[in-house]
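Reader: I am new to reading structures. Can we go through this one step by step?

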Amino acid sequence: MSDTLPAGSDAGNAGPAVVLKDVSFGYERRRTILSGIDMSVPRGKVVAIMGGSGCGKTTILRLIGGQLRPQRGQVLVDGCDVASLDREGLFAMRRKIGMLFQFGALFTDMSVFENIAFPLREHTGLPDELIRDLVLMKLNAVGLRGAAGLNPSELSGGMARRVALARAIALDPMLVMYDEPFAGLDPISLGIVGQLIRRLNDALGITSVVVTHDIYESLKIVDYIYFVSEGRIISQGTPAEVRASSEAFVRQFVDGAADGPVPFHYPARPLAKDFARAA
Amino acid sequence: MNRATLDLWVGVFVTLGIAAILFLSLKVGNLLTVSHDPGYRLVAEFDNIGGLKLRAPVKAAGVVVGRVEAVQLDPKTYQAVVTMRIDRGYEFSKDTIASILTSGLLGEVYIGLDSGGDTKMLANGDRIAKTQSAIVLEKLISQFMFDRAANGGGGGAATAAPLPAGAAPSGARGGK
Amino acid sequence: MRPDAVTWTLRRVGRATLGSVERLGFAARFSVAVLVHTPAALRRLSLTLREIYFSGVLSLVIILVSGLFVGMVLALQGYDVLTRYGANESLGVLVALSLVRELGPVVAGLLFASRAGSAITAEIGLMKTTEQLSAMEMMAVDPLARVVAPRFVGGIVSMPLLAALFSMLGIFGAYLVGVKLIGIDAGSFWGNMQSAVDFRYDIVNGIIKSVVFGVAVSLIAVFEGYNARPTAEGVSTATTRTVVASSLSILALDFVLTVFMFRGMVG
């Protein structure tokens, strides 16, 4: 399947948009971040990857985007093995992927308009008027057409996230990945961004992967949820299944309990040993 | 930042910078008058070049006409072989005398060219036959002392008396 | 315990050596990558123009003012020494040669490192910290070509121009002090200068020096920025490293270049 050209598999491919098969990854030999991840993201769906901080969620996105290569297993995007791609192939694949970074990652030295025009200017030879129309359309989709002339420093956190979202969909991607889209947002902005993710996904017919630890917002908008803990998928299901789940980890996550399968205490010696000297 | 303003500033900056390089080249480095053509080479041999350095000026009647390009020692004759680059436009006769001179007592060492009366001119690569070596101050002094001692110091002042004793050995060596 | 301590020390030494070799190799590979992307920066001139604005135009004021004052001080001090030997007409020579050969490229280089080099590092480091570089990569745009190479080229273009401006202003400052204030004859000031300063030997070598310093500072600045740890602390450390490393390499390179360029002067 690695010999399928990305261009040839653009349309009409009925398989899942993203498949991870038994993927393992670690930065060094000793430290494993992901081990044996199996995951499938069907086309047109919004899939959430949930887990505590530092459990390897963002690493999954980087593997899908080809910024990292798995030590074991396969990452298939649009039916094409990411690890087998050379530089050109990787860049061609990335044009089909939009990504929203944790805090937007807007280019601080450009206006909002230029930020969204950036991928268009880099990858299309479109004339300026057409780029202008496209940019304003994308901005309109996130409700910020009026903010085109502002600088990223003048935007609130929620607005910056929406501008970044407009930039992520600028090239009409097949897949959009969201890295913590809800982090640090007030409840109103959070609701807006959540609704946008769902609406854009359905309206533009894209596939979305959302990495987050915000369970309430996710349950409202996603189609399927994977729970990741310590580099493994420990549970999965639709929002309804998750709500009804009796698994300890899922319950702890949904209920926000301090102690549970994820312990409150960092591993330590028995309490008595540490305080023995005082006695 | 507006694109046009930015372009303007960069234009001003680059123009200023190039103007500065031109200023340094023309006004300070004297590019127009001196070294825009390679000129030609002359060679001269000296017994002693004193403090002559590379790139020292070559002057004729006090006018800079070229520079010293290379200084080597001839391993057979133990003479210093000095290569000079003379600016085009200056020509010197075959019997020109090259001498190593010092401007003032402590000034820079340069080569002076005194043109003779020959009608044939020196061409690229030619050797200047007549040279006059540098005057080394120490030698001059010791020679002076030696002469005084040899003359017996008859009419010498009182201070001359202790000097011949120190000057005599060097004078003896030099006069063998 | 003793052999343990020895092993431990040896292991530390080994690790430090391996670490620095690795870093050196990494820096070399990075330099090659930047050079490979340099033609791309030249093709997209508008990006490079922007960087010339930031590293060149914005450094103008400090360069011009420093040049003027360095020249004026050089004239005052030089005059003081030269009059002892009755050679005060050589003031122009002294000032021009010091500036064109050494002070122009070196001082302008040091100022450039702390003004523009640190800014380049901080900017790229911040772009890395805020994931702008990652975002660019994910948009299938190579940050080396889009962000790093234009800054590198902009620095190389700006540096020789700044050094020349520094020298020119310095000579102008010396002229003000020497001719206008002290009263040296203007004719002998310029005349002696012109007969002593050689275009190819002094001016061209000075320009070569400033180009070399420009390459060194720009390369160090983009390297430190691109490889900064993506935290606020990492960026500030990288900025400091840029200033320190580029100042030291300017001084070391200056010595090496001087030895090769002006070898004939010694002895």
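Author: Start with a term. Buried means under 20% relative accessible area. Keep in mind that this is a predicted model.

Reader: Which residues of helix α2 of chain C are buried?

Author: Helix α2 of chain C covers residues 45-55. Apply the cut-off of under 20% relative accessible area. The residues that pass are L47(C), T48(C), R50(C), E51(C), I52(C), Y53(C) and S55(C).

Reader: What covers the buried residues of α2(C)?

Author: The cover comes from two chains, B and C. Chain B brings α1 (3-28). From chain C, the cover includes α1 (2-43), α4 and α6 (143-182).

Reader: Which chains have the most contacts between them?

Author: Contact means heavy atoms within 4.5 Å. Chain A and chain B do not touch, and their nearest C-alpha atoms are 10 Å apart. Two pairs of chains do touch. The pair with the most contacts is chains B and C.

Reader: At what angle do α3(C) and α4(C) pack?

Author: Two packed helices are described by the angle between their axes and the distance between the axes. Here α3(C) spans residues 60-84 and α4(C) spans residues 91-129. Their axes are 10 Å apart, and the crossing is right-handed. The angle is about 145°.

Reader: How many residues in the contact of α3(C) with α4(C) are nonpolar, polar and charged?

Author: On the α3(C) side, the residues include I62(C), V70(C) and L74(C). On the α4(C) side they include L94(C), L103(C) and R115(C). The contact divides into 14 nonpolar, three polar and one charged.

Reader: Which residues of α7(C) meet α6(C), and what kind are they?

Author: The axes of α6(C) and α7(C) come within 10 Å and cross at roughly 145°. From α6(C) come I171(C), A174(C), Y175(C) and V179(C). They meet A186(C), F189(C), W190(C) and M193(C) in α7(C). The contact has eight nonpolar residues, no polar and no charged.

Reader: Why is the pair F189(C) and W190(C) called edge-to-face?

Author: The whole structure has eleven aromatic pairs. In this one, the ring centres are 5.2 Å apart and the planes lie at 85°. Planes over 60 degrees apart count as edge-to-face. So the 85° between F189(C) and W190(C) makes the pair edge-to-face.

Reader: Which residues form one aromatic cluster with F189(C) and W190(C)?

Author: F189(C) and W190(C) are both buried. The cluster takes in residues from chains B and C.

Methods. Residues are numbered from 1 along each chain as its sequence is written. Chains are lettered from A and ligands numbered from 1 in the order in which they are written. This is a predicted model: local features need pLDDT of at least 70, side-chain atom pairs count only at pLDDT 80 or more; totals for chains, interfaces and linings use all residues. Side-chain values use heavy atoms; hydrogens and water are left out. Axes are lines fitted to C-alpha atoms, for helices over the stretch in contact, and angles run from 0 to 180 degrees between N-to-C directions. Helices (H or I, at least four residues) and strands (E, at least two) are DSSP runs, numbered from the N terminus. A crossing is left-handed if the near helix is turned anticlockwise from the far one by less than a right angle, and right-handed if clockwise. Ala, Val, Leu, Ile, Met, Phe, Trp, Tyr, Cys and Pro count as nonpolar, Asp, Glu, Lys and Arg as charged, and the others, Gly among them, as polar. Rings of Phe, Tyr and Trp (its six-membered ring) pair if their centres lie within 6.5 Å; planes under 30 degrees apart count as stacked, over 60 as edge-to-face and the rest as tilted. Buried means under 20% relative accessible area, exposed over 50%, partly exposed in between (1.4 Å probe, protein chains only).
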